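Subject: Handover of a structure and notes on its contents

Dear colleague,

My notes on what was found in it follow directly after.

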Amino acid sequence: MSLTEIDLHQQLKKYFGFSQFKGLQEEVITSVVKDNDTFVVMPTGGGKSLCYQLPALIADGTAIVVSPLIALMKNQVDAIRGISSEHGVAHVLNSSLNKTEVRQVKEDISNGITKLLYVAPESLTKEDYVDFLKTQKISFLAIDEAHCISEWGHDFRPEYRNLRNIIGRIGDNIPIVALTATATPKVQEDILKNLGITKAKTFKASFNRPNLYYEVRPKTKNVDADIIRFVKQNEGKSGIVYCLSRKKVEELAQTLQVNGISAVPYHAGLEAKTRSRHQDMFLMEEIDVVVATIAFGMGIDKPDVRFVIHHDIPKSIESYYQETGRAGRDGGEGHCLAFYSYKDIEKLEKFMSGKPVAEQEIGHALLQEIVAYAETSISRRKFILHYFGEEFDQETGEGASMDDNVRYPKKQTEAQNEVEL
Ligand code: ADP
Ligand code: MG
C-alpha cells in the first residue's frame, strides 16, 4: 500500500466520522499501511481497534483479526457493518456458524468484499479454515489483546501460543499487528518473541493517568466502617468497591445498604439477569455504588466513576492498574483507595498452593510487587509507571502530587520532627 498523510485523514473522516487521530494512531496506522510488523501498547480506551480497522478497510484483501471474546468481536463487526454499505465487509468466523453461513463468509472473502475477518484463536486452528485462508489475499493479521500470549499477563490463553505456527501455515509474509493494554516489559517481550516479531515497529503510549489519586490505607477490623465513611463523604458520586470473594461482595453490599447507601452486588455467581440489571442500574445512575468481584468491569464504559475502592488488595499491580483505570475516564476526579493488610497476601498465596509450580512462582513474584506498592513511601504514580517500564519525573510529571505519599510524606515529617527535637 502507498498512501499520503492527507489520504489517511480523509479515510478516517469517511469511515469513522472523526476529524482527528487519537494519540499515536496516525503513526501506528502509517506503519501498518506500509506492511510493517507493528506492536501497539496503549491503555484501555486509547483507540487500538481503529489502528487495524482503518488499514483493513483501505487495503486490498482481507485482514484477519484474532480476538479472545466472541462478544467483543460481535460488537466490532456490528460497528463496522454500520459504517459500510456492504454487509459482508466484516465477518466473524466461529463454531456457531452453520454450513451455509460459512459458505457465504468464504464467498465474500474470495470476492474481495470482506475487509475484516474476526476469529477466535481456537477457530483459526481448524484445518478447513487454514486451507481456505492460505488461498486468499490476506492484507495482515491483527492480534488484539495480545497479552493473552503471556503467562505473565492477567489473561493467559494457551491457544494464543499456537498462533505463530498457524500464521506460518496461512502465508509466509503476512504482516502482524499485535495490540495490548498490558504495559509490563515481561509481557511485551513474551509477545514479540512468541510471535517472532522482535523487529516490529513498536508504539507505546504513556500509561500515566494524571487525574487519578492513589491512596493506600492499612486494613483493620474496621475496614467496613472506613468504607462507609468514605462513601458517605462522597455522597451522590459513582463508585466501585472491589472484594475478593462473592461472599464478601454480598455482605458488604448489604452493610452499605443498611447504612443508607444505594449499593448493589455484582459477581459471576449471580444470575445473568440480575447481573445485567445491576450493571444497568449503575450505568443509569439509579444507584451509586457497585460492590463487585473482578467479574465487573470488562467493557464497562462509565465515564464518571469517581472512586474505586479495593476492600482486598488485588493479585498484581497490573490488575490494580486495570481496575482503578475505570475511575475518571472523563478526565475528572478519580480516587483510588486500597485497603492493605499482609494477611490478605498470605490468603492469596494460599489460593495458589494447588496450582502448578511454574504458575505459583509467577503468582508469587507478582504478589511481591503489589506488597512493595502497598508498603512504599515513594510516589505511588512513579512506582506504578516504573513497574510498566516508564520514567516519571516526581517534580514535574503530570499528576505528580496526586497520591498520599507525596501529599502527606509521613516518614519524612517524622524524620524532620526528630531533627527538630
Ligand atoms: P481500546 O481498544 O484501546 O481500549 P477502543 O478501540 O475500544 O480502545 O476505542 C475507545 C474509544 O475511542 C471508542 O469509543 C472509539 O470510538 C474512540 N475513538 C477511537 N479513535 C478515535 C478518534 N480518532 N477520535 C475520536 N474517538 C476515537
Ligand atoms: Mg480493545
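A residue counts as buried here if 20 or more other C-beta atoms lie within 10 Å of its own. Please note that this is a predicted model.

By that cut-off glutamate 145 is buried, because 21 other C-beta atoms lie within 10 Å. Glutamate 145 belongs to the loop between β5 and α8 (163-170). Its phi is near 55 degrees, a positive value in a residue other than glycine. Glutamate 285 likewise is not a glycine and has a positive phi, of about 65 degrees. Glutamate 285 sits in the loop between α12 (272-283) and β11 (289-292). Is glutamate 285 buried or exposed? With 12 other C-beta atoms within 10 Å, glutamate 285 is exposed.

Turning to the sheets, seven strands form an open sheet with parallel pairing, in the order β3-β4-β2-β5-β6-β1-β7. Its edge strands, each of which pairs on one side only, are β3 (90-93) and β7 (201-204). On average, neighbouring strands of this sheet are turned by 15 degrees against each other, direction ignored. Within the sheet, four bridges pair strand β1 (residues 38-41) with strand β6 (residues 176-180) in the parallel sense. Valine 40 has leucine 179 as its bridge partner in β6.

Two helices that pack on this sheet deserve mention. Helix α2 (residues 25-33) touches β1, β5 (138-143), β6 and β7, and its direction makes about 160 degrees with that of β1. Helix α3 (residues 49-58) touches β1, β2 (62-66), β4 (116-119), β5 and β6, and its direction makes about 160 degrees with that of β2.

Methionine 73 lies in helix α4 (residues 70-82). Methionine 73 counts as buried because it has 23 C-beta neighbours inside 10 Å. Setting aside residues up to four places away in sequence, methionine 73 touches Ser67, Val92 and Tyr118. Serine 84 is eleven residues from methionine 73 in sequence, and the two are 17 Å apart in space, C-alpha to C-alpha.

A further group of strands and a helix can be described together. Strand β13 (334-340) has six of its seven residues buried, so it is largely enclosed by the rest of the structure. Strand β13 runs parallel to β8, to which it is joined by seven bridges; tyrosine 214 has cysteine 336 of β13 as its bridge partner. Four bridges join β13 to β12, and these two strands also run parallel. Opposite phenylalanine 307 stands histidine 335 in β13.

Why is helix α13 (residues 317-324) described as largely enclosed by the rest of the structure? The reason is that seven of its eight residues are buried. These are Ile317, Glu318, Tyr320, Tyr321, Gln322, Glu323 and Thr324. The buried residues of α13 pack against β8 (212-218), β9 (238-242), β12 (305-310), β13, α15 and α16 (380-387).

In strand β10 (residues 263-266), Ala263 and Pro265 point one way, whereas Val264 and Tyr266 point the other way, and all are buried. Strands β10 and β11 run parallel and are joined by four bridges. Proline 265 has valine 291 as its bridge partner in β11.

Finally, the axes of helix α14 (residues 342-352) and helix α15 (residues 357-375) come within 10 Å and cross at roughly 170 degrees. Angles over 145 degrees count as roughly antiparallel, and α14 and α15 are therefore roughly antiparallel to each other. On the α14 side, the contact involves Ile345, Leu348, Glu349 and Met352, which meet Gln360, Gly363, His364, Leu367 and Val371 in α15. Sorted by class, this contact of α14 with α15 has five nonpolar, three polar and one charged residues.

With kind regards

Conventions. Residues numbered from 1 in each chain as written. Chains lettered and ligands numbered in written order. Predicted model: local features only at pLDDT ≥ 70, side-chain atom pairs only at ≥ 80, totals over all residues. Contact = placed C-beta atoms within 7 Å. Pairing = 2+ DSSP bridges. Axes fitted to C-alpha atoms, helices over the stretch in contact; angles between N-to-C directions. Parallel < 35°, antiparallel > 145°, perpendicular 65-115°, else oblique. Nonpolar A, V, L, I, M, F, W, Y, C, P; charged D, E, K, R; others polar.
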